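Trainee: Could we go through this model together? I would like to discuss its side-chain contacts.
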Amino acid sequence: GLLDKLDSNIAAKAIPTIIKTNASEMNENMQRQTQVKFTGHYKNGKLVKPTGATKRSITTSYNLNGWQSTTGPSTPYSPFLIYGTRYMAKRDFFRPAFRVQRIKFKKDMQRLVE
């Protein structure tokens with residue numbers, strides 16, 4: 001596997017750094033996506049501007065000494081924004097950011113074994 005090809009001391013330092021860098025980049029990209037995708041909504045015939053609550057709720061946490069990270073929104077209505085409902089079109093800010101970061105993360109990890 002990957003760890004067999006790596007010197008364990010290098011892996012112990014490089015992999016958490018790669019994870020942290022990629023998680024941070026994905027967090028920023030998700031927040032940027034919210035500014036593009038959320039343009040407001042109409043309520044009682046008036047345009048209600050976005051509050052920024054979803055953007056502020058996107059956070060990143062780390063555990064297992066930096067070997068694992070979690071990035072995403074914490075507002076309870078975020079799944080409705082990501083997937084849409086029968087009344088509302090989806091405004092997916094999550095998956096586009098994830099897809100871009102997944103490719104970069106794989107390249108960063110691949111560089112360790114070359």
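Trainee: Is aspartate 92 buried or exposed?

Mentor: Aspartate 92 is buried, its relative accessible area being 9%. Buried means under 20% relative accessible area, exposed means over 50%, and partly exposed lies in between, with a 1.4 Å probe and protein chains only.

Trainee: What should I know about the model itself before going on?

Mentor: This is a predicted model, in which local features need pLDDT of at least 70 and side-chain atom pairs count only at pLDDT 80 or more, while totals for chains, interfaces and linings use all residues. Residues are numbered from 1 along each chain as its sequence is written, and side-chain values use heavy atoms, with hydrogens and water left out.

Trainee: Which side chain meets aspartate 92 in a salt bridge?

Mentor: The partner is arginine 95, at 2.6 Å from N to O. A salt bridge here requires a side-chain nitrogen of Lys or Arg within 4 Å of a carboxyl oxygen of Asp or Glu. Arginine 95 is partly exposed, at 24% relative accessible area.

Trainee: How many salt bridges are there in the whole structure?

Mentor: The search finds four. One of them joins lysine 104 to glutamate 25, with the closest N and O atoms 3.6 Å apart. That pair links distant parts of the chain, since lysine 104 is in helix H5 (residues 95-113) and glutamate 25 is in helix H2, 79 residues apart. Helices are DSSP runs of H or I with at least four residues, numbered from the N terminus.

Trainee: And how accessible are those two?

Mentor: Both count as partly exposed: lysine 104 has a relative accessible area of 31%, and glutamate 25 has 28%.

Trainee: Which aspartate forms a salt bridge with lysine 104?

Mentor: Aspartate 108 does, with the closest N and O atoms 2.9 Å apart. Aspartate 108 is buried, at 10% relative accessibility. A network of salt bridges links Glu25, Lys104, Asp108 and Arg111.

Trainee: Changing topic, which residues make up the largest nonpolar core?

Mentor: It has eight residues: Met26, Met30, Phe38, Ile58, Leu81, Ile82, Phe93 and Ala97.

Trainee: What does methionine 26 touch?

Mentor: Leaving aside residues up to four places away in sequence, methionine 26 touches Thr71, Ala97, Phe98 and Gln101. Contact means heavy atoms within 4.5 Å.

How values were computed: Core = buried A, V, L, I, M, F, W, Y, C linked by side-chain atoms within 4.5 Å. Helix = DSSP H or I, 4+ residues; strand = E, 2+ residues; numbered from the N terminus.
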